[in-house]
Amino acid sequence: MRAAVLHETGQDKLEVLDDIEAVGFGPGKVRLRLRATGLCHSDLSAMAGVLPQPAPFVPGHEGAGEILEVGDGVTGLSAGDRVLVCWLPACGGCPACQRGQTELCLTGFMNAGTPNFRRPGGSPEDVFGMSGTGTFAEEIVLAAPCAVPIPDDVPYDIAALIGCGVTTGLGAVFNTARVEAGSSVAVIGCGGVGISVIQGARASGAAQIVAVDPVESRREAALRFGATEAVAPDGLDTAKNSVTAGEGFDYVFEVVGRSATARRAYEITRRGGTLCVVGAGALDDFLQLNMFELFFDEKRILPSLYGGGDVLRSYRRTIDLWRAGRIDLEGLITHRVRLGEINDAIGQMRTGEALRTCIEM
């Protein structure tokens, strides 16, 4: 089968190969035929080594398709079922799951250390999948909890988005920050996840939503999706003064994953306000805060991993909001490509041209 492979961490481009095998099928597993997958910025971060991931590997973690076969012991799933890929499944039994913090379950991260692809005759033969998945492939073998059934009215491309970016952005608003109606919000970084934050803030009743991004097309998109104002980074202070009379925003979402933007986000958060860190950053990138400001300003700093809540509940909520017309998921997909054009899609994401690209299998 065909799959896009990164041979060494740090390479800029993927190689699309046709001699990859999905391996590991057996008890507790499902074999899935991918129909659509989204290109997420986390894929680029894994390729660059910002996010740790063994190589060689198949990127992609935001996918949807149909089940081809199920292994022994799998219940609730059957061949032919339409599912989305959950890259961070909950085991249900670890301390985090028992506390109700299923987004902190480490099962999914443990899966990343087990190869789930193979290239016969290759050197090496074992190929990993990003975050234990690897959706830039025509087929994939997953632990059964990674395959979540979707209703028949949810298209594969929409389901793929729900599998990561949309859930991450909406969840940061609903689960982590819990934005209140009438509040002021700033969103730094307006790619697919940032736009989802904006939609969540609008659905929560935020009165002012300021989108911040250096790319003009993304600022224009932010306005279409519910931002009340969109500025380049150098216009942020002016926006803070005009919207909040200089006090700072009630909620600020950092959706870039860099200490410089997180520090900037902290500075424009009002005293007693909330900074929500959504972007995935590097291990060696440190955010500096002094102990006096932490004490004196009483700003809440809330990281949000995968939307900070029960992802299965978040999936259902997202589908309900989409059905009701409260959020726009179709509009997030600005580009569509085939697997063989994956490097074109990567280029479009790096320049900021694309919000979300759907790779159609």
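User: Is arginine 263 buried, partly exposed or exposed, and what is its relative accessible area?

Analyst: This is a predicted model, in which local features need pLDDT of at least 70, side-chain atom pairs count only at pLDDT 80 or more, and totals for chains, interfaces and linings use all residues. Residues are numbered from 1 along each chain as its sequence is written, and side-chain values use heavy atoms, with hydrogens and water left out. Buried means under 20% relative accessible area, exposed over 50%, and partly exposed in between (1.4 Å probe, protein chains only). Arginine 263 is therefore partly exposed, its relative accessible area being 23%.

User: How far apart are the closest N and O atoms in the salt bridge of arginine 263 with glutamate 267?

Analyst: A salt bridge is a side-chain nitrogen of Lys or Arg within 4 Å of a carboxyl oxygen of Asp or Glu. Arginine 263 and glutamate 267 are separated by about one helical turn because they are 4 residues apart in helix H9 (residues 259-267); helices (H or I, at least four residues) and strands (E, at least two) are DSSP runs, numbered from the N terminus. Glutamate 267 is partly exposed at 39%. The closest N and O atoms of the pair are 3.2 Å apart.

User: Which residues are linked with Arg263 in a network of salt bridges?

Analyst: Arginine 263 also forms a salt bridge with glutamate 293, with the closest N and O atoms 2.8 Å apart. This pair links distant parts of the chain, 30 residues apart, since arginine 263 is in helix H9 and glutamate 293 in helix H10 (residues 291-297). Glutamate 293 is buried, with a relative accessible area of 10%. The residues linked with Arg263 in the network are Asp237, Arg264, Glu267 and Glu293.

User: Which residue meets aspartate 19 in a salt bridge?

Analyst: Side chains of opposite charge can pair when their charged atoms come close. Here the N to O distance is 3.1 Å. The pair links distant parts of the chain, 100 residues apart: aspartate 19 lies in the loop between strand E2 (15-17) and E3, and its partner in the loop between E8 and E9. Aspartate 19 is partly exposed at 29%, and the residue that meets aspartate 19 is arginine 119.

User: Why does phenylalanine 128 count as buried?

Analyst: Phenylalanine 128 has its place in strand E9. Its C-alpha is 7.4 Å from that of glycine 113, which is 15 residues away in sequence. Phenylalanine 128 counts as buried because its relative accessibility is 15%.

User: What is the handedness of the β-α-β crossover from E12 to E13?

Analyst: Strand E12 (residues 184-188) and strand E13 (residues 208-212) pair in the parallel sense over 5 bridges, and glutamine 208 is the bridge partner of serine 184. The chain passes from E12 through helix H6 (residues 192-203) to E13. A crossover is right-handed if, with the strands pointing away from the viewer, the path from the first strand over the helix to the second runs clockwise. By that criterion, this crossover is right-handed.

Terms used:
Pairing = 2+ DSSP bridges.
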